[in-house]
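Good morning. Please have the structure open.

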Amino acid sequence: MLTVPSPIKKVFAVRLITLVSIPTLILLLASSAWGQQRILLHNLCDEPSGRIYSTGDRFLKTGRYLCLGERINPVNGSVVKVLCFLNRKILYLKQSTVFNTQICAPPPNEAVQCSVLNIVPCPHDYKGPDDEKNAPIVTSPYGSSIIDNKPEISWRSVAGADSYTVVVKGNGINWKKDIVNATHLSYPQEQKELQYGNTYTITVISNYGDQPLNYSPLVVHLLSLDDVQQIRHEVKQIKDLGLSPDEAAFRDLDAIYMSKLLLDESIKTLIARVVAGSQNPTLYRVLGDRYLGALLPDQAEQTYTIAAQLALSSGKTSELEKVQSGLKMVKWLKKPGSCSLNYSQPPISKNAAQWEGC
């Protein structure tokens with residue numbers, strides 16, 4: 001019988017342990033990475049809450065969706081850039097961090113914006129086109145914050161009007177232009193562009209012959225040049241990721257634009273996807289939300305209706321709930337006093353208000 005000396009036994013044992021440990025370590029590392037991936041593969045979250053925007057994580061690739069509860073593991077000395085869809089914030093993480101509601105919590109409301117989540121800013125005395133038939137209500141630019149210094153201007157038509165006059169006034173700007181047989185105006189090339197960081201008033205006057213009928217003003221504020229450059233940088237990075245055009249529009253680009261309440265940019269981006277033939281119910285629902293923020297309930301209702309049809313045909317019940325909540329908000333906005341918020345019971349979903357009487 002062959003006897004193995006004790007020193008050789010020890011060396012053999014050490015080598016055996018080493019051989020076992022290396023594959024085990026590789027398996028553990030792979031399992032950790034797989035654990036990150038399987039959260040989305042097995043639908044452990046209803047929908048993604050963020051996205052990785054830079055290299056530097058041990059396991060997560062650039063462009064990868066994030067679910068709440070996932071851990072971000074920066075390589076030593078690296079910074080992982082993350083966009084949180086819920087609060088529209090860019091996060092720069094230097095150490096191992098759990099991506100949870102403490103760092104990616106949805107805002108308590110849509111600050112200063114009328115929305116399904118925040119009814120307070122919604123005007124109770126809102127008057128739609130049926131109530132003010134002679135008011136050429138300005139429909140674009142959308143909202144009160146813009147970054148386009150040569151914005152497209154459009155308005156609702158007025159019964160009986162045969163022309164319109166557009167007047168733009170503000171810091172160093174004072175011009176007017178008469179429009180016949182149209183309800184839109186491209187910014188005149190011969191006029192000086194609006195200046196960043198300044199506020200302007202766009203007024204549309206409806207006319208019959210030489211007599212003005214009514215007018216509608218819109219006050220817009222251009223963001224500072226620094227803010228505009230930062231937003232353009234973020235938009236370029238999103239486009240460089242090569243994401244699905246629909247998802248980039250209603251998740252990433254919408255988050256970036258709405259971080260500054262840029263309804264104008266978000267709506268135009270979403271409309272471009274509609275024109276391209278999108279059949280994504282979430283895209284239409286988000287567009288409806290943005291129309292609400294711009295106080296355009298008719299456009300919101302039309303868009304929500306399409307979103308509901310698409311959500312129903314695709315079996316996306318959670319999306320359908322959000323759409324229904326938006327439609328009820330439209331009804332409240334168009335008919336003040338016909339329905340109200342009910343705080344006595346929880347909402348039907350985390351993103352939907354509970355309504356009565358709608």
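Start at Gly-315, which comes just after helix α6 and takes a positive phi of about 75°. Keep in mind that this is a predicted model.

Now step back into α6 itself, residues 297–314. Its 18 residues should span 26 Å at 1.5 Å a residue, and the end C-alpha atoms are 25 Å apart, which agrees. Which residues of α6 are buried? They are Pro-297, Ala-300, Thr-303, Tyr-304, Ala-307, Ala-308, Leu-310 and Ala-311. An α-helix has 3.6 residues a turn, so residues three or four places apart point the same way. The cover over the buried residues of α6 includes α5 and α7.

Those two helices also pack on each other. Two packed helices are described by the angle between their axes and the distance between the axes. For α5, residues 281–293, and α7, residues 317–334, the angle is about 25° and the axes are 10 Å apart. Roughly parallel means an angle under 35 degrees, and α5 and α7 are therefore roughly parallel to each other. The crossing of α5 past α7 is left-handed. On the α5 side the contact uses Pro-281, Thr-282, Arg-285 and Leu-292, and the α7 residues include Val-323, Gly-326 and Val-330. By class, this contact of α5 with α7 holds six nonpolar, two polar and three charged residues.

Next, an earlier pair. How are α3 and α4 arranged, roughly parallel or roughly antiparallel? Helix α3, residues 245–258, packs on helix α4, residues 263–275, at about 175°, with the axes 9 Å apart. Over 145 degrees counts as roughly antiparallel, so that is the term for α3 and α4. The contact includes Phe-250 and Leu-253 of α3, with Thr-269 and Leu-270 of α4. Its residues divide into eight nonpolar, two polar and four charged.

In the loop between α3 and α4 sits Leu-261. Its phi is near 55°, positive in a residue other than glycine. Leu-261 counts as partly exposed, at 24% relative accessibility.

Arg-88 is not a glycine either, and has a positive phi of about 60°. Arg-88 lies in the loop between β4 and β5, and is buried, with a relative accessible area of 14%.

Last item: a cis peptide bond joins Ser-140 and Pro-141, with omega about 10°. Pro-141 is in the loop between β7 and β8.

Technical notes
Residues are numbered from 1 along each chain as its sequence is written. This is a predicted model: local features need pLDDT of at least 70, side-chain atom pairs count only at pLDDT 80 or more; totals for chains, interfaces and linings use all residues. Side-chain values use heavy atoms; hydrogens and water are left out. Axes are lines fitted to C-alpha atoms, for helices over the stretch in contact, and angles run from 0 to 180 degrees between N-to-C directions. Helices (H or I, at least four residues) and strands (E, at least two) are DSSP runs, numbered from the N terminus. Angles under 35 degrees count as roughly parallel, over 145 as roughly antiparallel, 65 to 115 as roughly perpendicular and the rest as oblique. A crossing is left-handed if the near helix is turned anticlockwise from the far one by less than a right angle, and right-handed if clockwise. Contact means heavy atoms within 4.5 Å. Ala, Val, Leu, Ile, Met, Phe, Trp, Tyr, Cys and Pro count as nonpolar, Asp, Glu, Lys and Arg as charged, and the others, Gly among them, as polar. The expected span of a helix is 1.5 Å times one less than its number of residues. Buried means under 20% relative accessible area, exposed over 50%, partly exposed in between (1.4 Å probe, protein chains only).
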